[in-house]
Amino acid sequence: MNLSVHLPGLSLQNPILPASGCFGFGREYSQFYDLNKLGAITIKAATGETRFGNTTPRVAETSSGMLNAIGLQNPGVEKIISDEIPFLEQYSTPILANVAGSTEEEYEYVAKTLSDSGKVSALELNISCPNVKEGGIQFGTDPTLAASLTKKVKDISDVPVYVKLSPNTSDIKEMAIAVEAAGADGLSMINTLVGMKIDIGTGEPILSNHTGGLSGPAIKPIAIRMIYEVSQVVNIPIIGMGGVTCKEDVLEFLLAGASAVAVGTANFRNPLICPELIDALPELLDQYAYSSIEECIGRSWKNARESAPFSRS
Amino acid sequence: MNLSVHLPGLSLQNPILPASGCFGFGREYSQFYDLNKLGAITIKAATGETRFGNTTPRVAETSSGMLNAIGLQNPGVEKIISDEIPFLEQYSTPILANVAGSTEEEYEYVAKTLSDSGKVSALELNISCPNVKEGGIQFGTDPTLAASLTKKVKDISDVPVYVKLSPNTSDIKEMAIAVEAAGADGLSMINTLVGMKIDIGTGEPILSNHTGGLSGPAIKPIAIRMIYEVSQVVNIPIIGMGGVTCKEDVLEFLLAGASAVAVGTANFRNPLICPELIDALPELLDQYAYSSIEECIGRSWKNARESAPFSRS
Amino acid sequence: MLTKEDLIIVENKQIAKDTYEMKLTGEVVQFMTEPGQFLHVQVGDGWEHALRRPLSIANVERDNVSVVYKVIGFGTEWLAKQPEGQKINVLAPLGNGFPYKDVKNQHVLLIGGGVGVPPLYYLARKLKDQGNTITTVLGFQSKDAIFYEEKFQELGHCHIATDDGSYGTKGFVTDVVKQNAFSVEKYFSCGPTPMLKAVIQSMSIPGYISLEERMGCGVGACFACVCEANNDIDVKGYRKICQDGPVFSAKEVVLS
Amino acid sequence: MLTKEDLIIVENKQIAKDTYEMKLTGEVVQFMTEPGQFLHVQVGDGWEHALRRPLSIANVERDNVSVVYKVIGFGTEWLAKQPEGQKINVLAPLGNGFPYKDVKNQHVLLIGGGVGVPPLYYLARKLKDQGNTITTVLGFQSKDAIFYEEKFQELGHCHIATDDGSYGTKGFVTDVVKQNAFSVEKYFSCGPTPMLKAVIQSMSIPGYISLEERMGCGVGACFACVCEANNDIDVKGYRKICQDGPVFSAKEVVLS
Ligand SMILES: Cc1cc2nc3c(=O)[nH]c(=O)nc-3n(C[C@H](O)[C@H](O)[C@H](O)COP(=O)(O)OP(=O)(O)OC[C@H]3O[C@@H](n4cnc5c(N)ncnc54)[C@H](O)[C@@H]3O)c2cc1C
Ligand SMILES: Cc1cc2nc3c(=O)[nH]c(=O)nc-3n(C[C@H](O)[C@H](O)[C@H](O)COP(=O)(O)OP(=O)(O)OC[C@H]3O[C@@H](n4cnc5c(N)ncnc54)[C@H](O)[C@@H]3O)c2cc1C
Ligand SMILES: Cc1cc2nc3c(=O)[nH]c(=O)nc-3n(C[C@H](O)[C@H](O)[C@H](O)COP(=O)(O)O)c2cc1C
Ligand SMILES: Cc1cc2nc3c(=O)[nH]c(=O)nc-3n(C[C@H](O)[C@H](O)[C@H](O)COP(=O)(O)O)c2cc1C
Ligand code: FES
Ligand code: FES
């Protein structure tokens, strides 16, 4: 079975990649398996300068999910290029570099620096981080801001740009259409939903940042719905994510309209999840009589286009 | 321990009530226990005319949650008053009547009819049902529409009006502030998040309506976060809901800023959940050294007001 | 009598391909007198699986209730793994069963398909007790999926149809019914909706059918499990399968 | 050597109030040579509880690793209920342990509080093997929470402090340290952060501390478990407790 998928800038031998922020810069999980197995690797968000992120506690467990408020801790784009990416160059796996910032200028600087480095296959514009006071989510909930930022980053980037959408919005289709029009080559969705957990002992929020991003199986139905809606109104591919834990989930994301599937939280529970999913896919597709990944993509609405409640026009 | 809470129109002997749509009109669960135990009863949404709702399947299971797309099936406000509410009159428990519609006029008609009946203690304006094509969620994501509707319903209603907010929005504080300014006496939150599940066998969405509302423990962190945010920017009380399954959850909702707590999905798993929670509350409050419900409300941010990231000003 | 109770597993064994029979015991079993009623069964630990699973009463003997279930997804897989002695939480007995009480000394036909067969067994026993002559037609996918054939044989004639012809008549239950022209006065049927539709179309005598739908509450409170009512006889427009059914007169509802 | 493996429970018994000792066996145990390292333990079935729980290695004997855990919430409650023979999935061995290898023929002080005590036991055994003299000071809330006292006694002097004075010295471990003026050359400590802070302040000799923080991945990939690095010695600004720790030189980190 041929599992390959060809997306702008990313020629994937299979549709599975780790999600940004859940896989560091690859080193840790390379202790568990050969990273050449992966379709691609999404690395942790880069900002212009070193960021220390939020104070701890930064994670909390919730029903079938978790909250995180890391706050974009990272050594800064230059150190990422000099100290982190070289490790990944020993692998042939394409790198999708997650780009964050507080201002348009910071996003542009990070994007340009990564693109110019010649070491990454594509950028993932993180306009949806709920855990920082500035940047991140404002860009992710205002279509005009998002489009403007996308355009600027496209202008200075030589590699394709994927825009990572926030689910914390009443109309994600509008956001998707706006960034597509602004030149996005693809979409990543979804980032986390803003949530909170209170420690009933102390009476206060567990996370020191109070709120955090909800990820894991709890949010899968929201991710599937959003991908189903958005894939019907854009012509650019979607990297789908949100709660993937098993091979059936991967197929569900493809059927909803994703062209590739990223795995986040599940890595923490099962460091081998990505290679296990990749190994399991051929038999699963076979069982459901699909002969390629391509055939699965968007099948849920392609079958029943007439009755689909959403359409571009 | 005194569990009572006094809210506009609702003098609750305890802070526990079933959530709308998860308790029919009370008859079914009255087979399991005496409904006089409850703080209040929220009845299923009423519309102007009989509605048959969506075709089946109408529910699907998701991780720690469920999707529903009932589509506001109900016999219409008049039959509800003539055939359903009389059953509840044998109990002294206050009735919170959920009001739905496709147009402002329908909402007004339903609200007026219920208010005029003299049989309900308060109205819950459902501007957040994600499962109907018209009405419902549009009103719930546009602050101007929501405020206008609230005002109109307030004008014709003699009983207090609670507005039930949708979580499918990027800024729920804005919605809350708008309906408060328009005269809402209280808020109910949260309604369900729009989600989807695809049957990988058929390749199609399980729900015949395709999308449905996500409820249950999966959404609790989102509910807690929204109540925490909104309770700090409004001066009207909040009936909190979303994923309550145990006594600790009830306390978490109170600490977040809710003044009463509604239970939805958990009734389906455990028909006795409401009385069990009510019985368990005194010991729990005692254990955490609270001597009344009042003391718990909003404690998570009242303790630490200065550092709270949200404030009205 | 609607009860929530932890029943105890007395036996849990595979009886056909992917098909298990579980015997449970507890206080509420004494109230399970109506064939066609069902149990709403809690599956898994914690809240990852929030909804209960409806399973029909297949038989009641002394303090034991039997259910027969096919492994489909998480819940039934979980049930199949539970050991003897384990507690299973159920809401029961739910719904309205088959109206058998006034059926006496008649010749009745029972038509079942797949996991629609179980409730017909308890019904057959009750009908037999009332002096009725019973003919049963059961449909299965293939030979290895067949269960309860001997049990039905003990109560009357039992015809089997398999989709693939690996046992009995090749084809559907309706094929058996057509071929045999049974002279019966009433029929009772349970099985997949397409089968029920075919059965209703092929029969001109009074009949009762048991329906399936995805459920939330199982008790009539959530409106998840409705079906369309036959408007000729009722303008209410719908029925709740969990509360008004799962058994309906074949004329009462419209199958979609 | 980072491994994901199902270990098998050999023993799981309560040893003090709310405190259990679990012995596990499996292939990866042979690589658990460093006291201070930890296991990242999967709890519950399914995905309702998505995160693993970090637990320190308390001892290794032959093929068995011991952990000692206090029942706090869902995960530890679940662990306490697991029977012998049950499989427990772990990532192990994680983190960097106490730097004991070069410590020989010295007098060392071990200071532990509550469930910070367990890793010190395996450390004590290793240090003893290298000819060191060991003095231990352990703090517990009350008498019924005390565990491993005799085990530490076998390896050297063991002083106990309880918050309520129900056993040993009334007060904190630092009170014991002050009262005794031990002439030691090095200390190793593990316990709640306020205790560690007090310990660091009261000691002028070199020391190593083991930190706790809520974790996601447990392997260094998610940046959940950071602590501040002492800027005087390093400008990197933070350490990952799971990967760079959980043991740090007392001078290396700033406790908040
Ligand atoms: C009144 C009634 C009586 C039934 N009696 C029997 C019986 O005696 N033996 C038997 O094997 N099956 C019976 N079924 C079907 C049985 O309920 C489903 O096979 C079962 O719920 C599948 O659960 P699962 O967790 O294995 O599957 P999953 O697919 O994991 O279930 C996911 C969700 O979908 C629901 N679901 C999936 N399939 C069905 C279905 N066919 N009908 C209703 N809900 C479904 C489940 O209840 C659950 O909420 C009956 C159904 C109804 C409505
Ligand atoms: C490196 C390390 C070693 C540890 N060694 C031990 C030990 O040997 N014995 C022991 O009893 N405890 C130890 N702990 C603490 C132990 O991890 C927690 O008590 C445990 O995770 C609580 O889980 P729970 O499900 O019972 O509680 P819950 O409150 O239900 O847990 C919810 C979430 O919070 C996390 N959490 C809660 N309390 C803590 C805590 N104190 N530290 C870290 N995470 C926490 C859990 O891991 C889980 O993700 C150690 C912690 C760390 C970081
Ligand atoms: C600990 C953690 C850190 C994350 N950091 C980032 C990040 O730096 N950039 C980003 O775009 N998304 C980040 N995410 C979001 C994930 O990439 C992903 O979109 C989300 O977690 C949903 O997928 P999941 O449910 O499989 O985890 C982070 C998620 C987690 C749990
Ligand atoms: C089956 C079902 C039907 C519902 N019907 C209504 C309704 O008619 N009106 C309404 O305002 N909310 C309705 N809701 C939303 C609930 O009242 C509640 O806001 C939501 O389910 C979150 O709470 P929970 O997680 O405890 O279920 C419904 C929810 C479910 C699950
Ligand atoms: S399942 Fe709730 S009404 Fe039937
Ligand atoms: S827990 Fe993920 S970096 Fe430490």
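The model is predicted: local features need pLDDT of at least 70, side-chain atom pairs count only at pLDDT 80 or more, and totals for chains, interfaces and linings use all residues. Residues are numbered from 1 along each chain as its sequence is written, chains are lettered from A and ligands numbered from 1 in the order in which they are written, and side-chain values use heavy atoms, with hydrogens and water left out.

Chain C contains five helices and 17 strands. Helices (H or I, at least four residues) and strands (E, at least two) are DSSP runs, numbered from the N terminus. The radius of gyration of chain C is 17 Å, close to the 18 Å that the globule rule gives for 256 residues, so chain C is as compact as a globular protein of that length. This radius is taken over C-alpha atoms, and the rule is 2.2 Å times the number of residues to the power 0.38. The C-alpha trace spans about 50 × 45 × 35 Å along its principal axes.

Of the 256 residues of chain C, 60% are buried. Buried means under 20% relative accessible area, exposed over 50%, and partly exposed in between (1.4 Å probe, protein chains only). Chain C carries 26 positive and 30 negative side chains, with the centres of the two sets 1 Å apart. Lys and Arg count as positive and Asp and Glu as negative; His and the chain ends are not counted. Each charge is placed at NZ of Lys, CZ of Arg, CG of Asp or CD of Glu.

An unreviewed UniProt entry lists R53(C), P54(C), L55(C), S56(C), G75(C) and T76(C) under "binding site". UniProt positions are given in the numbering used here, feature names are shortened, and annotations may be inferred rather than shown by experiment. L55(C) lies in strand β4 (residues 53-56). Its relative accessible area is 13%, so L55(C) is buried. Beyond four places in sequence, L55(C) contacts F38(C), L39(C), V41(C), V67(C), Y69(C) and L79(C). T76(C) sits in helix α1 (residues 74-81). T76(C) is buried at 11%.

C217(C) occupies the loop between β13 (207-210) and β14 (226-229). C217(C) is buried, at 1% relative accessible area. Neighbours within four places aside, C217(C) contacts Y29(B), F268(B), H40(C), L91(C) and C222(C). C242(C) falls in the loop between β15 (238-240) and β16 (247-249). At 2% relative accessibility, C242(C) is buried. With neighbours within four places excluded, its contacts include F38(C), M215(C) and C225(C).

Technical notes. Contact means heavy atoms within 4.5 Å.
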